[in-house]
Amino acid sequence: MADDAARDVDLDEVIARMQARVAERRRSGAYPEGLESDLEEHFRRIVAHRASPDFTDVRARIAALDGRSRFGLDRIPATSQRPGGQALHAAVAKVVARQTAGVLDQVQEYADGVRDVLVGIVAALEDPEGHVHADLVGQLDAVLERLTAAERRAVAAEAALAALAGRVEAMEAAVPPAP
Amino acid sequence: MSRRVHQVVVSASAGDAVTNEALAMRSALRTLGAVGECEIFARYHEPALAGEVVPLDEYARRSPPTAAAGEDVLVVHASIGEPAVAEFLAGRPERIVVVYHNISPSESFRPYDPAFADLLDGGRRELAELRPRVAMALADSAFNAADLESMGYHDVRVSPLVVDAAALTRIEPDPGTAHHLAEVVEGPVLLHVGQLLPHKRPDLLVQAYHVLTTYLEPEVRLVLVGPGRLPRYRAAVQHYVHELSLPGAWLAGPVSDAALAAFYRRADVFVTASGHEGFCVPVLEAMAFGVPVVARACGAIPETAGDAALLLPPGDDPVLLAEALATLLDDADLRASLAARGRERLDDFDPARSAAVFLGHVAELV
């Protein structure tokens, strides 16, 4: 299409035609009454009852925990302000290294277990679909949707019948009276 | 003597409109003789942008104070609140230029993420408090300028977004996405590009799509491309699509530029039901690809789209939106007309011209 031809299209007029068509379809029952409010209400119900809580922050905190949960002998400082203190600390650390390592292993084991439990709790909470009440509400909405669709079909059929009856009447009126 | 003109953004991420503009502005500033150093400092940034932006807490080291620091300029991109940035700005001697990209209204976010809604409110407060220190205020649309003036600013100048909306057209489309769209996705495709956020009203778009496929055109696909930064809201939209039984609606999430190019190439119509936009870059991107645009006349969209889009009244009317989509899918001449107008409209946002406007403003200060 040439640019001049592109300019020939009056967009205001296009929109006015669309608005008229919507009004006509509403009048004829092609768009059932309450269509928009039904849809809006459905979304509101979802927002109010079924949207999952956000655990992004909790997950980030658990991830941050990972960086701090490695226990080791190398992270125990042996520095000292006193003369000869550092050598003394190093010597003591060497003497009790076996016992310290044993304690650290137990702490590590416990920390890993706690972390796994936290991850499991978040995973369980993040899955509201597994909660029986959420399922029930979802099923209820699905039934309501089907009911609404069935009602819309009935309205459409009624409108089509009315249109058909109108056309039959018009045809009858157009038939010339018998001589 | 050359002046330092650094930029400050709260968050820098690849593909983000504000980040893209800051990068484009930096390139433009580097052509200005009076400008010496010019870097982009970000409070937060994606690792992928480490070579492009500098962490804000390195500002003092990278740009040490000088006797003439009061003559230097800080260009601050405002789109959300961040107390650390506000505190940083309060202690700086440089002259401040605010570039306002719009701070989304918080009320639509509050039910989904109160903390994020607080950040938005905080952003408005911080911007109002910064006003006495601001040497120049710029906004990328008249809509944004009016919004900034409502926060007490005067003489806000409109400086069009420096964006190369046609850049995507020069990218090779992602072969996998292009193949999927060509071979698997059947029928006309309606494309929406933008973050899945409440004020952009993807829920209204889903309603319109439901009306379209139930009453008017059953064989149409809807693709929503863009990140869902509020998981709770994204989940609600996903539930909605599922419960309305709309298998033709696809929430594609965030995609690469190459994949986005493939989506634009496959799209028959670009549609947005957004109720609040400070500019709306995807409208121009769609025009660059020759894709006709349908939108509601909300926020800055009428300014951006001009007379090159089918702009519906701003009310929440999914039925009219569905009717508009059906009309456009059915009318090849109308599609061609809008595509031709879109290409013309794109010329009004030539990035070189927009950059020149911005440099003209900055030149007054350096």
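This is a predicted model: local features need pLDDT of at least 70, side-chain atom pairs count only at pLDDT 80 or more; totals for chains, interfaces and linings use all residues.

Author: Start with the sheet. Strands pair if DSSP finds at least two bridges between them. Strands (E, at least two residues) and helices (H or I, at least four) are DSSP runs, numbered from the N terminus.

Residues are numbered from 1 along each chain as its sequence is written, while chains are lettered from A and ligands numbered from 1 in the order in which they are written.

Now look inside the sheet. β5(B) and β6(B) run parallel and are joined by five bridges. B:Val99 stands opposite B:Leu138 in β6(B).

Next comes helix α4 of chain B, residues 114-130. Its 17 residues reach 24 Å from first C-alpha to last, close to the 24 Å expected at 1.5 Å a residue. That expected span is 1.5 Å times one less than the number of residues. Its buried residues are B:Leu120, B:Gly123, B:Glu126, B:Leu127 and B:Leu130. Buried means 20 or more other C-beta atoms within 10 Å of the residue's own; exposed means 12 or fewer; partly exposed is in between, with C-beta atoms placed from the backbone. Seen down the axis of α4(B), the buried residues fall within an arc of 125°, so they line one face. The arc is taken over the directions from the helix axis to the C-beta atoms.

What covers these residues? The cover of the buried residues of α4(B) includes β4 (73-78), α3 (83-90), β5 (95-100) and β6 (134-139) of chain B. The face turned away from the buried side of α4(B) carries the exposed B:Pro114, B:Ala115 and B:Arg125.

One more pair of strands is worth a look. Strand β8 (residues 189-193) of chain B runs parallel to β9(B), and five bridges join them. There, B:Val189 stands opposite B:Arg221 in β9(B). Five of the five residues of β9 (residues 221-225) of chain B are buried, so β9 is largely enclosed by the rest of the structure. Both faces of β9(B) are covered: B:Arg221, B:Val223 and B:Val225 are buried on one side, B:Leu222 and B:Leu224 on the other.

Note on methods: Two residues are in contact if their C-beta atoms, placed from the backbone, lie within 7 Å.
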